[in-house]
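Student: I would like to learn how to read cavities, pockets and strand pairing in a model. Can we go through them one at a time?

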Amino acid sequence: RLLFVAALFLGCGLSAQTISPIAVSVQSNVPIPWGLDNLSVSNGQLYCSSRGVMLSSSLADGTVYSLYPDTMLAQMGIEADYVVRNPRDSSLYFTYREENVTHLYLYHGGRFRPVRQVDIHGWNRDICHPAFSSNGNMMVFSSRGKVGLGGYDLWCSLWNGHRWTRPINLGNTINTSGNDINPAFYGNYLVFASDSGSLSAPGYHLYSV
């Protein structure tokens, strides 16, 4: 029986000066044999992946009571392992790993071509766990890019009104020689996980900038 932690980001619309603290609670009432990956929250719905199966749950008072296979994405023929909504236009973005590369797709609900792969200036490497700023014009994701500082680095792409710009590495102020993954925006802060901490406390730890 495994436990997982749900971090409830309270007051995301507030400025950095009045931002609320992050309240973290252990969700011990849902046993998941294989654990969960790529958690995200969109419109009060928790999405996560477990061994290639996309699961979802409605959040009631910050508590997860049950998880079910997500039928909305399945009906659209989407094999997703991570789902996030862009606040700029409410478009649904999702990632799917194929041939050892995690690709980014967009679902916009069109009649003839509702799902399409997002082309970011020919970027042909991983786009893992993308996160959008509050206005939806900045996307940060994790990838092993051509020029990096270690394992997985955080990369940034901007929306120029027509398309996403060529990704740039966020540099050594943020990235480390280890793996920097799972970015998320919280107010004016970018929160991410990194395994480059001290040897006395191995594993992944949360950082913010």
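Student: Which strand gives the most to the lining of the largest cavity?

Tutor: First, the ground rules. This is a predicted model, in which local features need pLDDT of at least 70 and side-chain atom pairs count only at pLDDT 80 or more, while totals for chains, interfaces and linings use all residues. Residues are numbered from 1 along each chain as its sequence is written, and side-chain values use heavy atoms, with hydrogens and water left out.

Tutor: On a 1 Å grid over the protein atoms alone, a cavity is a set of points where a 1.4 Å probe fits but cannot get out, whereas a pocket is an open set with protein on both sides within 12 Å along at least five of seven lines; lining residues have an atom within 4 Å of a point. Strands are DSSP runs of E, at least two residues, numbered from the N terminus. Here strand 9 (residues 101-107) gives the most to the lining of the largest cavity, with three residues.

Student: What volume does the largest cavity have, and which residues line it?

Tutor: A volume is the space filled by probe spheres set on the grid points, which are joined across faces, edges and corners. For the largest cavity that comes to about 40 Å³. Its lining consists of T102, H103, L104, Q117, V118, W123, R125 and I127.

Student: How many residues line the second largest pocket?

Tutor: There are 18, with N38, T102, C128, H129 and N182 nearest the centre of the pocket. The space in this pocket is about 270 Å³. At least two lining residues come from each of strand 3 (37-42), strand 4 (45-50), strand 8 (92-98), strand 11 (128-132) and strand 15 (180-186).

Student: How many bridges join strand 8 to strand 9?

Tutor: Two strands pair if DSSP finds at least two bridges between them. Strand 8 and strand 9 run antiparallel and are joined by seven bridges, with F94 opposite Y105. Two residues lie between the strands of this hairpin, where E99 has a positive phi near 55 degrees. Strand 8 also pairs with strand 7 (residues 82-85), in the antiparallel sense, over four bridges. In that pairing R85 is opposite L92.

Student: What order do the strands of the open sheet of four take?

Tutor: The order is 11-12-13-14, with antiparallel pairing. Strand 11 and strand 14 (168-169) are at the edges with a single partner strand each, so one side of each has no neighbour in the sheet. Within this sheet, six bridges join strand 12 (residues 138-143) to strand 13 (residues 153-158); S143 has D153 as its bridge partner.
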